[in-house]
Amino acid sequence: MQLWNWLFDPVGLTAHGFCLSWSPALMVLHAGSDAVIALSYFSIPFALGWLASQREDFRYGWVIYAFGAFILACGATHAFSIVTLWVPAYGIEGVIKFVTAILSVTTALMLWPLVPRLVALPSTAELARLNNELRKEVEERRRAEEALRLANQSIESKNRELEAFSYSVAHDLRAPLRGIDGFSQVLLEDYGEQIDAEGRSHLGHVRRSAQHMAQLIDDLLSLARVSRAELRLAPTDLVAIACDAVAELRLARPDVAVTFVCPDKLPVLADPGLMSIVLANLLSNAWKFTRGRKDAQIELGCLPQADETVYFVRDNGVGFNMAYQAKLFVAFQRLHAPGEFEGTGIGLATVSRIIQRHGGQIWAEAQVGQGATFYFTIGERR
Amino acid sequence: MNSNYVFLVEDNPTDEALTIRSLRKAAVTNEIIIARDGEEALDHLFMTGHHAGRAYVGPPALILLDLNLPKIGGLEVLRRLRADERTRMVPVVILTSSDEEQDLLDSYGSGANSYVRKPVEFGSFTDMVHQLGLYWLIVNQGPPQVPLMKS
């Protein structure tokens, strides 16, 4: 009861209207103004709420709620000022003002640290500038893309030209060689008796040169082909491929006795067509360079490493000097004279290209007279 | 001219001479008729152009067709042969320098009966022609002769 009295008429004061002598004009002015202020204040939290709901980036967490509560409280003090015009409830008005004070201080305390953050927000002019920069960048990118597209087109057309070129090499460069070789043979067959031994030997050189040139063209074409052929990966057994290659080598050189050693299986994921070119080259090299050895042995195997399997082809042939190993995989580079061992110097370049295309690596170790080992990986990461 | 002839379509005179020599060495006695480009080949087979009005002698026993030919290419010649009733079934052997996968696909796709890459080494070349002559002219039985359709 005491609290009730204190709230509504603490010390027997009169209503605020009494101070205004109940002047209608003053009463209307005060009540009207307070009403308009209160209503305006009450509307502001709704405006803030609407803004916050529309703009994700405008949510400053509790500051928005605190500010809303603070404004509501301010509105309430003004609304209650209307009541005190007629009712001397200064206790309640004081309590409302006290609550408003707490909310004001809280909001102010939250607002001050926010100022630097608000200042840091980009201004409209800044945003316009950034936008402009972005637009320029987009334009630059578009131009770069266009340039790239044109470059790609030009590369494609160059590739087509290159293909047409290698096709023409295959077709047109071989035909004259056939003529040179063929008619040298025709000369030997039809006029052999009129040509002496030396002349016949010269014609033999002509034929061998033409055949060597034909081999060069074929090897170059094979190199060009493995560079542009599509990589078709499939489960492949290197041993099966190697055995086919060895069978062919035995057929081509039945006079050479070679022991071929390999495991039962070497399953890999690789392009079978290209891997057969790799093994055919490595094995025929091994075959070639063990020629003349009585205990010739060629081995295909693998060394399981921590992260990648290393495959190898090892022979006990003539080997090579490691000082020249940099030249091994370069086209047209040979470590042996043509009179010693035949070849075009393109085989290992082709092998290296295929290994590269699989994402693997190839290298060799050798010792003169002790044989050579070619190691390769094919990009299978564990 | 009888319809048992070999029709060689070859633009390179050296290859022509070597092929004829090898065929003769292989004891192929059939008449050999040469065309040096695709147009001449089609004119001969279909009696058009220079060959218009000539009496029809029937299709050849065997056509040896190069791919890379002046005027009309070998593949186009092959397609037109296969599209015509008179030459639809004549055995055609593609005889070329190319061993491009695409050429093989196109040739077989267009109806070639055989595809042979001409070797450079003359011994192998002679062997190859010998085998071709033996197989296609002696071992193999060709299609029955199609009588000329009056159009």
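The model is predicted, so local features need pLDDT of at least 70 and side-chain atom pairs count only at pLDDT 80 or more, whereas totals for chains, interfaces and linings use all residues. Residues are numbered from 1 along each chain as its sequence is written, chains are lettered from A in the order in which they are written, and side-chain values use heavy atoms, without hydrogens and water.

The size of an interface is often given as the accessible area lost when the parts come together. Between chain B and chain A the buried area is about 2,000 Å², with 50% given by carbon and sulfur atoms; this is the accessible area (1.4 Å probe) that the two parts lose on being put together, summed over both. Chain B and chain A each bring 24 residues to the contact, defined by heavy atoms within 4.5 Å.

Side chains of opposite charge can pair when their charged atoms come close. Between chain B and chain A there are 8 salt bridges, each a side-chain nitrogen of Lys or Arg within 4 Å of a carboxyl oxygen of Asp or Glu. One of them joins Glu121(B) to Arg207(A), at 2.7 Å from N to O. Helices H1 (13-25), H4 (101-109) and H5 (122-139) of chain B each supply at least two residues of the side that touches chain A; helices here are DSSP runs (H or I) of at least four residues, numbered from the N terminus. The largest share of that side, 6 residues, comes from H1(B).

Over all chains, the salt bridges number 29. Among them is the pair Arg149(A) and Glu146(A), at 2.9 Å from N to O. Both residues lie in helix H6 (residues 124-191) of chain A, 3 residues apart, about one turn of the helix.

On a 1 Å grid over the protein atoms alone, a cavity is a set of points where a 1.4 Å probe fits but cannot get out. There is 1 cavity of 30 Å³ or more, and the largest cavity has a volume of about 50 Å³, a volume being the space filled by probe spheres set on the points, which are joined across faces, edges and corners. Its lining residues, those with an atom within 4 Å of a point, include Tyr5(B), His44(B), Arg54(B) and Thr87(B).

Definitions and conventions
On a 1 Å grid over the protein atoms alone, a cavity is a set of points where a 1.4 Å probe fits but cannot get out, and a pocket is an open set with protein on both sides within 12 Å along at least five of seven lines; lining residues have an atom within 4 Å of a point.
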